[in-house]
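Here is a two-chain structure to question. Take each label and ask what stands behind it.

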Amino acid sequence: MFTSVDDVSTRLAETGYLASPAVATTVFLADRLGKPLLVEGPAGVGKTELAKAVAEVAGARLVRLQCYEGVDESRALYEWNHAKQLLRISAGRDESWDDTRTDIFSEEFLLPRPLLTAIRGDDPKVLLIDETDKADVEVEGLLLEVLSDFQVTVPELGTVTAARRPFVVLTSNASRELSEALRRRCLFLHIGFPDEELERRIVRLKVPALTETLAESVVRVVGALRAMDLRKVPSVAETIDWARTLLALGADTLDEQVVRDSLGVILKHQDDIQKAAAKLDLDAL
Amino acid sequence: MSAPAGPLADLADRLTGLVGALRAHGVRVGTGETVDAARAVEALGLAEREPLREGLAATLLHGTGQRAVFDQVFDLYFPRGVGGPGDGSGDGSGDRDELRERLADALADDDTALLRQLAAQAVDGFGGYGSSPGSDGWSSYQTLDRLRPQTLLARVRADIRARGGNGAGFADRLLDDEIRRRIEAFRGMVAAEARRRVAERRGRDEIARRAVAPSADRVDFLFAGRDQLTELRRAVQPLARKLATRLAARRRRAARGTIDLRRTLRGSLSTGGVPMRPVLRRRRPVRPELVLLCDVSGSVSGFSDFTMLLVQALHDQFSKVRVFAFVNRIDEVTGLLEHGRADPEGLGARIRAEATLTGWHGSSDYGMALGEFAERYGAAVGPRTTVFVLGDARTNNLDPNLAAVRRVAGQARRVYWLNPEQRSLWGTGDSAAPDYAELVEMHECRTARQLSGLIARLLPV
Ligand SMILES: Nc1ncnc2c1ncn2[C@@H]1O[C@H](COP(=O)(O)OP(=O)(O)O)[C@@H](O)[C@H]1O
Ligand SMILES: [Mg+2]
């Protein structure tokens, strides 16, 4: 898919994703070694976006499994369309049960979910298993199975083996530790907050109307907030939001008034806002 | 260092050495990962060092906490260069001022590559010790002591301001902290360079084992320095979030149970009476209560402070949390802890200033404190309460008052004792640990990693 690490950076950048050297290197290796990529890091640092960008670069279809508490096999893998099956059963009253049974457990009544979708067909795909840490531990067993042999057995239909393995990205906010077994299956990439230079470029790319100087100030203030001991420090997503807000407010430089008025865009907790205001020497809010 | 038989043999040696050093630091690296690492090296080539670092990290590591150890070990096995600019021949004092000049410029420019180069020169010029420079070793402490980068702050600030730019703007107030962070990073570079040079002399395997700092969650509470305690405190919130999810999962498992037949049948009406989706009975459990008794005397205060913060961060997992601190008298500090959220660094000092923890002397007296707890606060402990006692059980040879512990244990649902001292020391000197351990379940809890494991396992759900 890629010829070199630089090739990864260049082509991701063309889709609007600016990769750090660590990101570019690991994406390159995941492709070369054919291993799933586990991306861990705080919310809003571009984990989901990375998978989308890779899909775009590869001209691949993005298949997304969004994890949540309680997601199960029937949501992740496949499910039989019960309602449709019942209709079919009541429609065919005069045929034998054996015929009916063969019929209702056929392709037509199957609802493929992301994991199955990702290994069927031979078009290129990127499988994004998003926010894996939100799923219950039991789901990891299922993921491990699918990611080990890239095959799925549907008892009534047989075994589906991937004709073409998808490029797999798992993301996690590390709200809980994923199992060792799943981690071992993957290449590991931690995305943290970008360095100043990269974050400035991201802001300039996403909010092109913002001046260079203002972008620089924005990134410096965000950097200072991250060094404070806050309940929730701002992420790249907040930096971008803040830049957009400043633009909307018509600010062309930062001053106490503007920062005070817009701090709520970057910080979500009232006590964080107070603490930051004090440390940034904004007068009483 | 073993003599390389050729570039490839040398590479294999380095990789094995690196993996060995990681394992010695508690990173579990399997053969599969080692094979992947070799494939990564093949795919990336050896021409550039930073992609190699990232590639090896991606294949060998499985979590974020291991990265700091990895970086130090990587620097030893894949050093930037061999030897140094002057190989220790710099005579020191003469070019000190010149080097400080150049350091100030690099700090003002925030030029990482140049800073790294200067770190190498600094160690070369000022870090060697022994009869001739560097004959006995290289010291980052000595380098930094001579160079004193922290005293450059004012100079760098003035430089940046003089250059104009947007110096007068709002972000200018951030400048001092930014410069401090750059200086801090430079100190880290000096330390890495000194380690690398020592490794060249003494064989990197030995240095990798001894001189690489363990990750903060594996440092003994009792020996942790200030920086490590600060780093730990910063880890409280994420750790609490992690633990909360694990507790929630345990709670769900406990609650998930039997099938609710009536609701299953009712639900099956839409499928013509075929019960397709079993409905599970949900139990609404009463959240448990928690009481913490913490020895906050000097020797174990790092451990207690950290644990209190962690429990405070977990408070919504419980219907009630009450925290008591003692040295030789005991006092409730629950309120101080709640207000202390915004300023975790100050917590210990505030507790020691505002609570009544000592009587007529300042050293720990477990017997006295536990007795006072049983008497004054006995009502805090009931059949739904789990009690944690935190401390090293060193009684200064005073009466351990086992009766008081027995009384609390009789009232509580469970009592656990977390002892930050290594098990082999329990019972030596004035430690009453074995006596207490006969009455309540006592666990060794030396590091943040052990603590989170214990909390995830022992906390009631
Ligand atoms: N390196 C980057 N290049 C381009 N945009 C980025 C980058 N990092 C973050 N973003 C932007 O930040 C926002 C949050 O990214 P997202 O992928 O949703 O975060 P996550 O999945 O890590 O929570 C998106 O708008 C994304 O475009
Ligand atoms: Mg996301």
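Q: What is the bridge partner of A:Leu127 in S8(A)?
A: A:Val168 is the bridge partner. This is a predicted model: local features need pLDDT of at least 70, side-chain atom pairs pLDDT 80 or more, while totals for chains, interfaces and linings use all residues. Residues are numbered from 1 along each chain as its sequence is written, chains are lettered from A and ligands numbered from 1 in the order written, and side-chain values use heavy atoms, without hydrogens and water.

Q: What makes strand S5 (residues 125-130) of chain A and S8(A) a pair?
A: Strands (DSSP runs of E, at least two residues; helices are runs of H or I, at least four; both numbered from the N terminus) pair if DSSP finds at least two bridges between them. S5 and S8(A) share 4 bridges and run parallel, so they qualify.

Q: Why is strand S8 (residues 167-172) of chain A called largely enclosed?
A: Buried means under 20% relative accessible area, exposed over 50%, partly exposed in between (1.4 Å probe, protein chains only). In S8, 6 of the 6 residues are buried, so the rest of the structure largely encloses the strand.

Q: Why do B:Asp36 and A:Lys35 count as a salt bridge?
A: The term needs a side-chain nitrogen of Lys or Arg within 4 Å of a carboxyl oxygen of Asp or Glu. Here N to O is 2.6 Å, so the pair qualifies. B:Asp36 lies in helix H2 (residues 31-44) of chain B and A:Lys35 in a loop of chain A, so the pair joins two chains.

Q: How do you know whether B:Asp36 is buried or exposed?
A: Its relative accessible area is 8%, so B:Asp36 is buried.
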